[in-house]
Amino acid sequence: MTKKVSSELYDLIGIKGEASNSGAGVTECGGKDPERYFQIFHPWSFTPAAADQLDGVMGRLKEELPKHGWKVVEYGPNTSKNKSMQLTADNDKKKHSVKITHFAKGKTPSLNLMVVSGCYQVPDGEKVDRF
């Protein structure tokens, strides 16, 4: 499901480019029993075919995400030296969150995305593989 959410986000970016092919992982849910609860995370990046294609992408995503069930909960420059634009959105129906950071400065402008699921409970008698 987490990779499917990442794929939908890729489509919403709406620019030709290349996404990194990183795998999803499993992590603990903060404050919950790690033997019984887990989250799935999928970090990836997007590099456009041409650097200037990312101009205005964060504002467009801020407008488009709510039309697709996402609630933008944070938007604006982060605390880095470059004041990179950052957007955090939650999708209650899909039980996922995403943090998108636009790295505009540097040789290769890109978007970094971290997609995280809600907490899931491990079925009785099962064990979670941490990877």
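At 15% relative accessibility, Phe38 counts as buried, where buried means under 20% relative accessible area, exposed means over 50%, and partly exposed covers what lies in between, with a 1.4 Å probe and protein chains only. This is a predicted model, in which local features need pLDDT of at least 70 and side-chain atom pairs count only at pLDDT 80 or more, while totals for chains, interfaces and linings use all residues. Residues are numbered from 1 along each chain as its sequence is written, and side-chain values use heavy atoms, with hydrogens and water left out.

**Overall layout**

- The protein has two helices and eight strands, where helices (H or I, at least four residues) and strands (E, at least two) are DSSP runs numbered from the N terminus.
- Read along the sequence, these elements follow the pattern α-β-β-β-α-β-β-β-β-β, and the C-alpha trace spans about 50 × 30 × 25 Å along its principal axes.
- Buried residues make up 34% of the 131 residues in the protein.
- Among contacts between residues at least 6 apart in sequence, 54% join residues at least 24 apart, a contact being heavy atoms within 4.5 Å.

**Aromatic rings**

- The structure holds three aromatic pairs; rings of Phe, Tyr and Trp (its six-membered ring) pair if their centres lie within 6.5 Å, and planes under 30 degrees apart count as stacked, over 60 as edge-to-face and the rest as tilted.
- Tyr10 and Phe46 form an edge-to-face pair, with 5.7 Å from centre to centre and 70° between the planes.
- Because Tyr10 lies in helix α1 (residues 2-13) and Phe46 in strand β3 (residues 37-48), this pair ties together parts that are 36 residues apart in sequence.
- Tyr10 is partly exposed at 28% relative accessibility, whereas Phe46 is buried, with a relative accessible area of 0%.
- Phe38 and Tyr120 form a tilted pair, 5.8 Å centre to centre and with 35° between the planes.
- This pair links distant parts of the chain, since Phe38 belongs to strand β3 and Tyr120 to strand β8 (residues 120-121), 82 residues apart; Tyr120 counts as partly exposed at 30% relative accessibility.
- Ring pairs also link Tyr10, Trp44 and Phe46 into a cluster.
- Lys32 lies over the face of Tyr37, at 4.8 Å from the ring centre, and a charge sits over a ring if NZ of Lys or CZ of Arg is within 6 Å of the ring centre and within 35 degrees of the ring normal.

**Nonpolar cores**

- In soluble globular proteins, nonpolar side chains tend to be buried together.
- A nonpolar core is a set of buried Ala, Val, Leu, Ile, Met, Phe, Trp, Tyr and Cys residues joined through side-chain atoms within 4.5 Å, and of the 20 residues in the largest core here, Leu9 and Leu111 touch the most other members.
- At least two residues of this core come from each of α1, β3, α2 (57-64), β5 (85-91), β6 (96-103) and β7 (110-117), and the largest share, four residues, comes from α1.
- Leaving aside its neighbours within four places in sequence, Leu111 is in contact with residues including Ile13, Trp44, Phe46, Leu54 and Ile100.
- A second, separate core of five residues includes Val26, Phe38, Ile40 and Val122.

**Strand pairing around β5**

- Strand β5 is mostly covered, with five of its seven residues buried.
- Two strands pair if DSSP finds at least two bridges between them, and six bridges join strand β4 (residues 71-77) to β5, the two running antiparallel.

**The disulfide**

- A search of the whole structure finds one disulfide, defined as a pair of cysteine sulfur atoms within 2.5 Å.
- Cys29 and Cys119 form this link, with their sulfur atoms 2.2 Å apart, and at -140° about the S-S bond it is left-handed.
- Cys29 lies in the loop between β2 (25-27) and β3 and Cys119 in the loop between β7 and β8, so the pair ties together parts that are 90 residues apart in sequence.
- Cys29 counts as buried at 2% relative accessibility, whereas Cys119 is partly exposed, with a relative accessible area of 39%.
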